[in-house]
Amino acid sequence: MKTCQALPALQQCAASIPHLRDLFQGQPGRGQALQLQGAGITLDYSKQRVSTEVLELLVQLAQQSGLEAERERLFAGEAVNRTEKRAAWHTALRVPANRQSPSQACVEEQLQRMSRLVDRIQSGVWRGFSGKRITDVVNLGVGGSDLGPLMVTHGLREYANAAAQGLRVHFASTIDGSQLFDLLDHLNPETSLFIISSKSFSTIDTLSNADTVRSWLSSHCEDEALMLRCHFIGVSAARDRMTVWGLPQDNQLHFWDWVGGRFSLWSVIGLPIALALGMSAFRQLLSGAHAMDEHFRTAPLSQNLPVMLALLGVWNVNFLDIRAHAILPYDGRLKYFPSYLEQLEMESNGKSVDQQGRALDYSTCPVLWGEIGANAQHAFYQLLHQGTQSVASDFILAACRYDAPGHYAHQEPLRAQHQLNIANCLAQSRVLAFGDAAVESENSPWQRYPGNQPSSTLLLKRLDPVSLGALIAAYEHKVFVQAVIWNINPFDQWGVELGKQVALQLQPLLRQPGSSAMHELDDSTRTLALRIQQQQACKGGE
């Protein structure tokens with residue numbers, strides 16, 4: 001972190017911060033005082049191990065780190081991605097069309113192209129090579145081209161419009177082909193459409209899957225030009241590579257190098273979302289994200305929801321030495337939200353070098369993991385409640401679930417279940433914070449709950465396209481704020497590149513058992529490669 005006047009005082013506060021029980025006892029009305037709203041989301045951070053003094057110092061830390069100036073640069077589309085010398089302008093992707101600047105008009109142009117494609121596919125105008133309408137769409141992507149669209153389509157399925165309900169949308173990302181094997185075994189080649197989603201259009205995982213699908217379709221349709229025109233759409237920032245692969249211009253959607261992969265679901269990478277839900281729902285998703293953008297851009301730092309999320313994270317990591325963070329949505333529709341945040345936060349802020357290229361002597365991003373809360377209670381909550389390490393947690397909850405006028409006999413029991421779900425969420429955060437002090441003297445050592453595990457609760461009125469858009473954008477801005485304070489670049493990901501390069505070098509060696517290059521490998525890799533070759537050559541077992 002940059003040298004800031006607030007740092008020594010924060011370190012002193014961390015050394016003497018009381019137990020959460022004592023913080024609540026010493027601050028009547030703490031639950032109301034440590035709560036704020038932004039873009040329709042309520043953040044309760046009263047169960048974080050912070051005092052009023054700590055909060056004031058954290059805001060000073062943000063100011064002294066230059067957050068406000070960096071925020072202006074982000075929204076202006078300046079080159080905040082310094083190592084790659086380009087903007088990270090994902091906020092421009094959700095600016096309403098009537099408020100876009102001339103330099104943002106390209107965004108609406110591509111959304112209109114996407115809208116026309118969605119309408120043709122959903123209405124049945126787009127047909128397969130045999131003239132049959134499309135019934136299944138498969139998104140071939142990995143990382144940001146997979147996790148974001150997958151998470152949103154799963155989370156908002158009940159908001160699909162009538163035209164989308166007859167269309168099945170699938171996702172395949174794994175390079176081992178296991179997902180494709182299951183899909184191709186059941187899909188009809190005459191009625192299946194494949195989206196190749198890759199910013200660079202060179203990602204080996206995605207192109208390997210695309211080549212496999214191309215071969216599969218070619219065995220059913222001898223006219224390759226017809227097959228490519230009827231069964232593939234490309235989404236990329238690399239127009240030329242899509243064309244070289246064989247995709248017609250009319251089957252291409254484009255975005256720009258200033259759209260980072262893990263920030264790209266708002267762009268035409270969101271095509272699977274629009275196909276699964278309808279273009280209206282996709283626009284509402286953008287609207288919710290834009291509302292959070294405006295809140296983040298204009299709200300005072302002390303009342304700014306993404307800023308507060310970020311500051312609490314910095315406090316936990318750098319001053320309380322908490323290196324693990326659990327994401328706990330109490331809503332089955334958010335099944336993939338923890339996985340989405342794992343990439344968003346750890347690929348962005350998992351850095352050990354600052355903006356000037358110097359090695360850091362402080363911690364950055366914690367390890368994130370999570371699960372739907374009700375399932376997690378029966379999995380890893382034991383560690384949260386009675387383990388040997390501190391873990392910070394985010395609870396995510398929708399207040400309303402089955403609140404529409406009842407048309408089905410099962411709605412009333414489901415409403416009762418939702419109330420039970422809410423009770424579980426509130427109970428778990430309460431026990432994590434306070435433990436079981438009232439009966440601690442009566443319990444055996446194995447039954448004692450120490451408490452003092454910090455958590456925040458993010459409360460939505462209901463989970464819908466607008467609120468989910470705002471929630472995702474809040475975490476995006478949290479990542480940015482933390483990166484400014486840690487003085488790192490959250491928009492590059494050099495750490496994932498070397499493994500890809502080495503994999504491409506190893507692939508031909510595995511096909512040549514006697515290659516002299518094998519001897520240049522380290523002993524572990526060489527031994528494993530030889531063992532794999534032996535097992536692949538052995539037929540019928542040893």
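Predicted model: local features only at pLDDT ≥ 70, side-chain atom pairs only at ≥ 80, totals over all residues.
The domain bounds come from an automatic or database domain assignment, which divides the protein chain into domain 1 (6-64 + 299-402 + 414-492), domain 2 (99-281) and domain 3 (497-537). Contact between domain 1 and domain 2 (heavy atoms within 4.5 Å) takes 24 residues from domain 1 and 17 residues from domain 2. Residues are numbered from 1 along each chain as its sequence is written, and side-chain values use heavy atoms, with hydrogens and water left out. Local features need pLDDT of at least 70 and side-chain atom pairs count only at pLDDT 80 or more, whereas totals for chains, interfaces and linings use all residues.

About 1,800 Å² is buried between domain 1 and domain 2, with 67% of it on carbon and sulfur atoms; buried area is the accessible area (1.4 Å probe) that two parts lose on being put together, summed over both. Within domain 1, the residues that lose the most area to domain 2 are Tyr336, Tyr340 and Pro465, which together account for 30% of what that side buries.

Three salt bridges are counted between domain 1 and domain 2, a salt bridge being a side-chain nitrogen of Lys or Arg within 4 Å of a carboxyl oxygen of Asp or Glu. A salt bridge also joins the side chains of Glu158 and Arg333, at 3.2 Å from N to O. On the side of domain 1 that touches domain 2, helix 15 (337-349) and helix 19 (465-486) are the elements that give two or more residues; helices are DSSP runs (H or I, at least four residues), numbered from the N terminus. Helix 15 gives the most, with seven residues.

Over the whole structure, the search finds 21 salt bridges. In one of them, Arg94 pairs with Glu476, the closest N and O atoms being 2.9 Å apart. Arg94 lies in the loop between helix 5 (67-76) and helix 6 (105-123) and Glu476 in helix 19, so this pair ties together parts that are 382 residues apart in sequence.

The structure also holds 15 aromatic pairs, defined for rings of Phe, Tyr and Trp (its six-membered ring) with centres within 6.5 Å; planes under 30 degrees apart count as stacked, over 60 as edge-to-face and the rest as tilted. The ring centres of Phe24 and Phe434 are 5.0 Å apart with planes at 85 degrees, so the pair is edge-to-face.
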